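Here is a quick briefing to read alongside the model. Keep the 3D view open and find each part as it comes up.

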Amino acid sequence: MIKVLQKAHTLLSFTAKHAPVSFTELMSLSGINKATLSLILKSMVELSWLERDSDGRFRIGAGIPVLADSKNVNMKLRECCTKYARELNLELNELITVAVFQEGERQVIAKFNADHLVQVNENTSSTPESMFYTATGLALLAGLDEKSQTVFAHRHKLDDLLDQTKPAIDRTIANGYCEMIMGCDDSLAVAVGVYDANKTMIASIGFSAPCYRFDEAKKAAAVAMLHKYASEIRRGLS
């Protein structure tokens, strides 16, 4: 691939994931030097591949050919996640949440409650802090590379929280799932990543439940179930 096109693709990918994103953040994420980045961004704005707001931050522009289909792609992801989250909810009978990392924050796109109506503490807000305090959020953080994690934390002034959470992120990567004890140490939350055909994490799916309902064997079975439905979502998007 021609190097300038590869750099443009990198910038589009980062902007799509982290928008609105500043020049400094793009330079940090991409590793492109300041002079080259300035020239490329200027051309991308002129082509309407990117647009720059009044604060100088970049978003995907209207000139991207695939933009007309992006709503359908997002809708397909939402519909697919909703379908399989509902099926998982029926099979597991616990609170099921599916979240994505969009415009620099955790966004819940599907949620189904358990029919036993026990209060649990899975936070479904889109605050930056929810990335650290929910299993689906922590799983999404684990799916980001270290540079992206650092940019996210720095943007929201959560650098100390990222440092504190790093061991949990490392465990999530090593184990293949995130596990958290929440509330007054009485609620269990577990989540796994949902990956596309290129092995890029596109969402996370998890459950929350009272701790007393899960011993180690049942938890292991539930984790296997999460991985099964994450694979179903991937196949459904293919």
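Helices (H or I, at least four residues) and strands (E, at least two) are DSSP runs, numbered from the N terminus. What you see is a predicted model, where local features need pLDDT of at least 70, side-chain atom pairs count only at pLDDT 80 or more, and totals for chains, interfaces and linings use all residues. Residues are numbered from 1 along each chain as its sequence is written, and side-chain values use heavy atoms, with hydrogens and water left out.

**Two loops to look at**

- Pro20 sits in the loop between helix H1 (3-18) and H2.
- The peptide bond between Ala19 and Pro20 is cis, with omega at about -5°.
- Lys157 is found in the loop between H7 and H8.
- Lys157 isn't a glycine, yet its phi is positive, near 60°.

**Helices that cross**

- Two packed helices are described by the angle between their axes and the distance between the axes.
- Axes here are lines fitted to C-alpha atoms, for helices over the stretch in contact, and angles run from 0 to 180 degrees between N-to-C directions.
- The axes of H2 (residues 23-30) and H3 (residues 34-46) come within 11 Å, crossing at roughly 115°.
- On the H2 side, the contact (heavy atoms within 4.5 Å) is made by Phe23, Leu26 and Met27, and H3 brings Lys34, Leu37, Ser38 and Leu41.
- Sorted by class, that H2 and H3 contact has five nonpolar residues, one polar and one charged.
- For the classes, Ala, Val, Leu, Ile, Met, Phe, Trp, Tyr, Cys and Pro count as nonpolar, Asp, Glu, Lys and Arg as charged, and the others, Gly among them, as polar.
- Further along, the axes of H7 (residues 146-155) and H8 come within 9 Å and cross at roughly 145°.
- Here Glu146, Gln149, Thr150, Ala153 and His154 of H7 meet Asp159, Leu162, Lys166 and Ile169 of H8.
- The H7 and H8 contact has three nonpolar, three polar and three charged residues.

**The sheet**

- Strands of a sheet pair through backbone hydrogen bonds, either parallel or antiparallel.
- In this model, five strands form an open sheet in the order E4-E3-E7-E6-E5, with antiparallel pairing (two strands pair if DSSP finds at least two bridges between them).
- E4 (105-112) and E5 are at the edges with a single partner strand each, so one side of each has no neighbour in the sheet.
- Direction ignored, neighbouring strands of this sheet are turned by 25° against each other on average.
- E3 (residues 95-102) and E4 run antiparallel and are joined by seven bridges.
- Ala99 stands opposite Val108 in E4.
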